[in-house]
Amino acid sequence: MTHDEIISKANKVIDEHLLGDGRTLNRDDNFADDLGADSLDMVELVMAFEEEFNIEIGDHEAEKVETVGHAHDLLVAKLAK
């Protein structure tokens, strides 16, 4: 899977689980402040990433995901292994 495919797929998961409106996401979008996600939303989003990409994301990794860019970077790093 290419970098662009990972980003595109991640954005689709974010849209499906948090937004549902197909808006364009920016790397700087903060999940809590800009997208209105609470802690339960974030747990569900991480679980959705794990399922969609067939990976495991540890709690310590998930806690660091505050922006769309953080999510992209984590997923790219996980899938590059």
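Glu-61 lies in helix 3 (helices are DSSP runs of H or I, at least four residues, numbered from the N terminus). This is a predicted model: local features need pLDDT of at least 70, side-chain atom pairs count only at pLDDT 80 or more, and totals for linings use all residues. Residues are numbered from 1 along each chain, and side-chain values use heavy atoms, without hydrogens and water.

A polar atom of the Glu-61 side chain lies 2.7 Å from the backbone nitrogen of Gly-58. Beyond its neighbours within four places in sequence, Glu-61 is in contact (heavy atoms within 4.5 Å) with Glu-56, Leu-74 and Lys-78.

On a 1 Å grid over the protein atoms alone, a cavity is a set of points where a 1.4 Å probe fits but cannot get out; a pocket is an open set with protein on both sides within 12 Å along at least five of seven lines; lining residues have an atom within 4 Å of a point. Volume is the space filled by probe spheres set on the points, which are joined across faces, edges and corners.

| Space | Volume | Residues from helix 2 |
|---|---|---|
| Largest pocket | about 170 Å³ | five residues |
| Largest cavity | about 40 Å³ | four residues |

The cavity lining has eight nonpolar, no polar and no charged residues. Here Ala, Val, Leu, Ile, Met, Phe, Trp, Tyr, Cys and Pro count as nonpolar, Asp, Glu, Lys and Arg as charged, and the others as polar. Helix 2 and helix 4 (68-79) each supply at least two residues of the cavity lining.

Key
A polar contact is a pair of N or O atoms within 3.5 Å; within protein, one must be able to donate a hydrogen and the other to accept it, and residues adjacent in sequence count only if both atoms are side-chain atoms.
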